[in-house]
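Hi,

Here is the model I promised to pass on. Have a look first, and my notes follow below.

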Amino acid sequence: MELFAQQLVNAISLGGVYALLALGLAIVFSIMGLVNFAHGDIMTVGGYAMWFVVITWGMPLPMIAAAAILVGLVVAVAMERIAFRPVRGSDGTTMLLTSFAVSGILQVTFQNAISPRPRGVQLDPAFSQVIRVAGVDVGIIQLTAIVMVLVSLALIMLFLRRTTLGISMRAAAQDFSVARLMGIRADAVVATAFAISGLLAGVAAFLWVAQRGSVDPGMGLTPVIKAFIAAVMGGLGSLPGAVLGGFVLGVVEIELQAWLPQAMLPFKDAVALVIILGILLWRPQGLLGRSTDRA
Amino acid sequence: MPLLSVDGLSVSYGGIRAVRGVSFSVEPGEIVAILGANGAGKSTTLNAVMGLVPKIAGSIRFDGQEIGTTRPERIVRLGMTLTPEGRHVFSNLSVDENLVLGAIPLRDRSRAEALRRRNFERFPVLAERRRQQAGTLSGGEQQMLAIARSLMSEPRLLLLDEPSLGLAPIVVDRIFDLVQDLRRDGVTVLLVEQNVDQTLSIADRGYVLASGELRLSGSARELRESSGIERAYLGIGAA
C-alpha cells in the first residue's frame with residue numbers, strides 16, 4: 001500500500017511534467033497545425049535562465065521558478081513572431097521542418113555561447129529533502145511538482161472556459177477560418193497559444209531541472225519526444241487528451257521502473273512504447289480523440 | 001451607392017479558375033439572391049468577398065471602401081459577415097459560448113447582452129438549450145444558431161450561404177421567413193441558394209451563376225418568368 005502510494009506520487013509528478021509539455025504541444029497544434037519540435041528547447045532556455053539566476057544572484061526558489069516561467073513565455077512568443085508567423089498556413093511539413101531548424105539553431109547557440117557540457121543548477125538543499133506525509137515518504141520536489149502541475153492545469157482550464165479569449169482559442173482550435181468570421185484575430189489567438197505553451201514549458205523546465213540539478217543544450221529533446229508521444233496517445237489536437245496522455249505515460253514509466261525485472265530495465269522505454277502502440281491499436285484516434293477527426 | 005459592389009471578381013481554387021469575372025452589387029435594404037447549381041462558384045464568391053480565399057482579379061467594395069485584400073476579422077468589424085454553408089457552429093462549445101464569440105466585433109458589452117436577448121426572443125429554442133453543446137442540436141437548430149451567431153456582430157450586410165441545405169421543409173420555411181424578418185430589422189441580405197422557387201419568392205433581385213460565370217441577372221420577377229432557368233443553369237430539371 002505504502003509502496004503503491006509512493007509510486008503514485010512519483011507517477012503523478014513525472015506524468016504531470018509530461019502533461020504540461022503535451023498540453024503546450026497540443027494547444028499550438030490544434031490552433032495552427034504545427035508540431036513544434038522546438039518546444040523542448042523552450043524548456044532548455046528556461047533551464048539556462050534558472051542557471052543564470054542562481055549563479056548571478058543566488059535568488060530564492062520562487063524567483064528561480066518565476067524566471068524559468070517568464071523566460072519560457074517570452075521565448076515561445078518570440079519564436080512564433082520570428083520563425084513561425086512567416087510559414088503560418090503552409091503545409092504541416094514546412095512548419096515541422098521550420099521547427100527542426102529553430103531547435104537546431106538554439107542548440108548550437110547554447111553549445112557555443114555557453115557550453116556543450118551540462119551546467120549545474122544548485123537549488124536550496126532543503127528542496128531535495130524527503131518528508132513523511134500520512135506514513136508515506138515523499139520528496140518535496142515531487143510534491144511541488146504535483147501542486148504546480150495541478151495549479152497550472154486549473155488556471156489554463158479556467159482561462160479556456162471563462163474568458164472570451166479562452167473561448168476564442170477553443171473555437172479557433174476547432175475551425176480556424178470560421179473563428180476569423182467571428183472577428184477573432186488570428187495573430188492574437190496564435191500568439192496566445194504560443195504564450196501558453198511557453199508558460200507551461202517554463203513550469204516544466206523548473207520541475208525538470210530541479211529534479212536533475214543541471215542543464216545542457218540537448219536537455220529538451222527527451223521530454224519533448226515523451227510529450228509528443230503523450231499528445232498522440234491522448235489524441236493529437238485534443239487538449240484534455242494531451243493531459244491524460246501525459247499522466248498515463250508517467251504511470252506506465254514509473255510502474256515499469258518498479259515492476260520490471262532487473263534484466264529488463266534497460267528496455268524500459270521499449271516496453272513503454274509497446275504498451276502505447278497497444279493503446280493506439282485499440283483506439284487509433286487516441287484516448288480522447290474523436291474518430292470523426294480522421295477525415 | 002451600393003452597400004456591396006463586386007466587379008470582375010476572379011478566384012482560383014485548387015488550380016481551377018472557380019470564379020471568372022463575376023460582377024454584382026447589393027443595395028442597402030435589399031435581399032439579393034445568387035443562384036446556381038453545385039460547383040457553380042457561389043460559395044467561392046462569398047468566401048472571396050469575406051477575404052477567406054484570395055482573389056486573383058477584380059475589386060470588392062463594401063460601403064464605398066475597397067476591401068479586396070482586407071482580412072476577414074477586419075471585414076466583420078466593418079459590418080459584413082457570413083453564415084457559412086454547412087453551418088459550422090463550434091460543436092464543442094455551448095450555445096451561449098457560440099453567441100459570445102459572435103459578439104467579439106462589438107465594442108460595447110451591454111449591446112452584446114441586448115443582442116443576445118433579441119436572439120433568444122427570435123429563437124426561443126436556443127434560449128432553452130443555451131448551456132447545451134452546439135454539436136448536440138438538430139440541423140435546423142444549428143442553422144438558427146449559426147445565423148444568430150452572425151447577427152451578434154450586428155451586421156449591416158449578412159451573407160447567407162445555403163441556409164436551407166439539408167433541412168426539413170418546415171424548417172426551410174422558417175429560415176426563409178427569418179430572412180424577411182431580418183430585412184424588416186434593417187439587415188441587408190445576400191442569399192446564396194439552390195432552392196430557386198422559395199428564394200425568388202422573397203428576393204428583390206437575383207444573379208444566376210454557372211461554371212463560375214454570371215449567366216443571368218434581373219429582378220426576382222424577371223428571373224421567375226424566364227422559364228427554363230432551372231433546367232438551363234441549375235441542373236434541377238434534369239433529375
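Strands (E, at least two residues) and helices (H or I, at least four) are DSSP runs, numbered from the N terminus. With five of its five residues buried, strand 7 of chain B is largely enclosed by the rest of the structure.

Before going on, the bookkeeping. This is a predicted model, where local features need pLDDT of at least 70 and side-chain atom pairs count only at pLDDT 80 or more, while totals for chains, interfaces and linings use all residues. Residues are numbered from 1 along each chain as its sequence is written, and chains are lettered from A and ligands numbered from 1 in the order in which they are written.

Now the sheet around that strand. Six strands of chain B form an open, mixed sheet in the order 6-7-8-3-9-10; two strands pair if DSSP finds at least two bridges between them. On average, neighbouring strands are turned by 15° against each other, direction ignored (axes are lines fitted to C-alpha atoms, for helices over the stretch in contact, and angles run from 0 to 180 degrees between N-to-C directions).

Strand 7 of chain B runs parallel to strand 6 of chain B over four bridges, with Leu82(B) opposite Leu159(B). Five bridges join strand 7 to strand 8 of chain B, also parallel, and there Asp161(B) stands opposite Val192(B). The chain gets from strand 7 to strand 8 of chain B through helix 7 of chain B, a right-handed β-α-β crossover (with the strands pointing away from the viewer, the path from the first strand over the helix to the second runs clockwise). By contrast, strands 9 and 10 of chain B are antiparallel over six bridges, and Arg205(B) faces Ser219(B) there. Helix 7 (169–184) of chain B packs on this sheet, touching strands 3, 7 and 8 of chain B, at about 160° to strand 8 of chain B; contact means C-beta atoms, placed from the backbone, within 7 Å.

There is a second open sheet in chain B, with four antiparallel strands in the order 2-1-4-5. Seven bridges join strand 1 (4–13) to strand 2 of chain B, and Val6(B) has Phe24(B) as its bridge partner. Helix 1 of chain B packs on this sheet, touching strands 1, 2 and 4 of chain B, and helix 1 (42–49) of chain B also packs on the six-stranded one.

As for the two chains together, the contact takes 20 residues from chain B and 16 from chain A. Helix 2 (72–78), strand 6 and helix 3 (95–102) of chain B each supply at least two residues to chain B's side.

Finally, chain A has eleven helices and four strands. Buried residues make up 47% of its 295 residues.

Cheers

Note on methods: Buried ≥ 20, exposed ≤ 12 C-beta atoms within 10 Å, placed from the backbone.
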